[in-house]
Amino acid sequence: MRISSKTGLIAICAWALFLGDSMGYAQRGSSNDAQTAAKTTKEKISAGSELDKAPGKARARRNPLERDPDAVVTGKKLFGMHCAECHGESAQGTRRAPNLRDSEVQEAPPGAIFWVLTNGIVWHGMPVWSKLPEPQRWQLVSYIKSLGSNSQDSARH
Amino acid sequence: MLSRTFRGLLLFALLVSLLPSRSFAQENPYIVAYDHYMEEPGSLEVEYFSTFSTQRAGNDFHAFWTEFEYGATAWWTTEFYLDAQSTFRDSTLFTGFRWENRFRPLKHEHFINPVIYVEYEHINGADKILKEIEGHDGEADNADSNALARQEHKNELEFKLLLSSTYKGWNIVENTLAAKNLSNQPWEFGYAVGASRPLRRKATPKRCNLCAENFIVGAEMYGGLGDRHSFGLKDTSHYLAPVAAWNLPSGWTLRISPGFGLNDNSHGFLLRWGLAREFSGFGDLIGHLFGGRQ
């Protein structure tokens with residue numbers, strides 16, 4: 001018996017409708033107003049509260065690349081490739097992910113940021129980044145810590 | 001001759017691949033085995049894979065499939081496959097579709113990370129993509145002519161437990177599968193294991209295509225484990241395949257894997273390769289079409 005093209009077409013349409021509906025559902029309630037959107041994101045997920053969940057041992061870890069002169073520049077490149085889509089080009093935050101220049105992120109120990117990167121915040125949409133080798137995650141931490149609290153981007157100059 | 005549906009989807013894949021993307025895929029090189037990493041939420045990965053295989057007592061063939069992999073959430077990835085094959089000195093045909101879902105049950109990373117895999121397949125007997133080896137699958141199953149093989153019709157459910165660990169740059173995966181043809185066939189079992197590592201763990205400051213950190217190499221092994229009535233290695237086929245992936249900063253990933261049959265039931269040689277491109281923000285784009293910006 002042949003697989004009819006009608007069956008295939010129905011399956012493809014069902015999958016497309018299912019995805020479209022789930023994506024539409026995910027989008028509903030979003031706003032064009034960036035401030036409202038940012039507030040929604042902040043209400044949904046606080047970067048600080050996730051950083052606070054890092055175990056003591058993880059928080060105490062030091063960045064092995066903190067004296068590496070290339071770490072910030074390389075971290076910036078990696079940020080553009082993997083993180084900017086959600087956190088924004090300058091890590092200023094979007095409706096999908098929080099501002100990484102917030103003081104709660106900037107004042108967090110590097111080990112806590114590394115822990116969040118490694119484990120993600122899976123139930124709130126941040127993927128696990130342990131697929132990046134450990135040195136690359138530390139390079140990202142170096143860049144994030146270089147941003148400063150809602151101030152200039154030191155890596156940019 | 002390929003169906004209009006399949007040609008339409010291939011055209012769609014080509015058009016989508018021309019869209020700009022700023023996402024960089026960091027894909028492991030496996031073609032059969034799975035790790036525990038989900039597609040990033042809202043991202044669509046369009047993938048094309050080929051398997052060329054030698055065939056004793058039959059014609060060599062080239063099987064190919066297109067995958068549309070979408071990150072529904074950070075813990076759920078859904079994928080739609082379209083399969084086809086071309087048998088030399090025979091014909092080319094569309095052989096069916098698959099709908100796959102992977103769920104990550106645990107919140108944090110652990111030494112071993114489980115993922116639950118559920119797939120529905122609607123394929124015919126001429127399907128030769130060898131995406132997984134199960135039960136007593138063997139080379140002889142693919143020796144029939146396409147006209148004969150396509151008469152067989154399969155509706156199959158497949159469950160996998162994917163276990164994956166990442167340690168000091170190494171990724172190690174162990175997959176076990178149980179598949180059930182819904183037309184009163186016994187449960188069939190199979191496995192896949194693999195290990196891979198990037199050539200360089202630390203990234204270089206400059207954006208580059210040929211940097212060592214963009215290349216991931218490893219090996220995978222997969223095969224059948226019999227069925228409910230005869231579980232074990234008897235009359236099963238097994239393969240060992242080096243694997244390599246090249247992740248380009250432009251969002252493209254190229255994979256290649258020459259596979260070697262390990263016993264007389266296996267195909268002697270499989271050459272697999274694949275091309276994938278990731279599109280981040282696809283969910284937002286489509287979401288707007290479905291009334292997201294109201």
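Predicted model: local features only at pLDDT ≥ 70, side-chain atom pairs only at ≥ 80, totals over all residues.

Colleague: Fine. Which residues of S10(B) are on the covered face, and which on the uncovered one?

Modeller: The covered face holds B:Tyr239, B:Ala241, B:Val243, B:Ala245 and B:Asn247. The uncovered face holds B:His238, B:Leu240, B:Pro242, B:Ala244 and B:Trp246.

Colleague: What does S10(B) pair with over nine bridges?

Modeller: That is S9 of chain B, residues 215-227, in the antiparallel sense. In that pairing B:Glu220 stands opposite B:Ala241.

Colleague: And S11(B), how many bridges there?

Modeller: Six, again antiparallel; S11 covers residues 252-261 of chain B. B:Trp246 stands opposite B:Leu254.

Colleague: Which residue in the S10(B)-S11(B) hairpin takes a positive phi?

Modeller: B:Gly251, with phi near 105°. The hairpin has four residues between the strands.

Colleague: Zoom out. How many strands are in the barrel?

Modeller: 12, and the barrel is closed. The order runs from S1 through to S12 in chain B, with antiparallel pairing. The twist averages 20° from one strand to the next.

Colleague: How many bridges join S6 and S7 of chain B?

Modeller: 12 bridges, with the strands antiparallel. S6 is residues 153-167 and S7 is residues 170-181. B:Glu156 stands opposite B:Asn181 there.

Colleague: Switching to packing. How many residues are in the largest nonpolar core?

Modeller: 40. Those with the most contacts inside the core are B:Tyr30, B:Val32, B:Ala33, B:Leu44, B:Trp65, B:Ala84 and B:Tyr222. Strands S1, S2, S3, S4, S10 and S12 of chain B, plus helix H3, each supply at least two residues. S2(B) gives the most, with seven.

Colleague: What is B:Trp65 in contact with, sequence neighbours within four places aside?

Modeller: B:Phe49, B:Tyr81, B:Leu82, B:Asp83, B:Ala84 and B:Ile129.

Colleague: B:Ala84 again. Buried or exposed?

Modeller: Buried, because B:Ala84 has 23 C-beta neighbours inside 10 Å. B:Ala84 is in strand S3 of chain B. B:Ser50 is 34 residues away along the chain, with the C-alpha atoms separated by 9.7 Å.

Colleague: Now H3(B). Which of its residues are buried?

Modeller: B:Phe282, B:Gly283, B:Ile286 and B:Gly287. They cover an arc of only 125° around the axis, so they sit on the same side of H3(B).

Colleague: Why would that spacing do it?

Modeller: An α-helix has 3.6 residues a turn, so residues three or four places apart point the same way.

Colleague: Over to chain A. How many helices and strands?

Modeller: Nine helices and zero strands. Buried residues make up 43% of its 157 residues. Take the contacts in chain A between residues at least 6 apart in sequence: 72% join residues at least 24 apart.

Colleague: What about H5(A), how many of its residues are buried?

Modeller: 10 of the 12, so H5(A) is largely enclosed by the rest of the structure. Among the buried ones are A:Lys76, A:Lys77, A:Phe79 and A:His82. The cover includes helix H6 (84-87) and helix H9 (134-146) of chain A.

Colleague: What span should H5(A) have, and what does it have?

Modeller: At 1.5 Å a residue, the 12 residues, 71-82, should span 16 Å. The end C-alpha atoms of H5(A) are 16 Å apart, which agrees.

Key:
Residues numbered from 1 in each chain as written. Chains lettered and ligands numbered in written order. Pairing = 2+ DSSP bridges. Axes fitted to C-alpha atoms, helices over the stretch in contact; angles between N-to-C directions. Core = buried A, V, L, I, M, F, W, Y, C linked by C-beta atoms within 7 Å. Buried ≥ 20, exposed ≤ 12 C-beta atoms within 10 Å, placed from the backbone. Contact = placed C-beta atoms within 7 Å. Arc of directions from axis to C-beta. Expected span 1.5 Å × (residues − 1).
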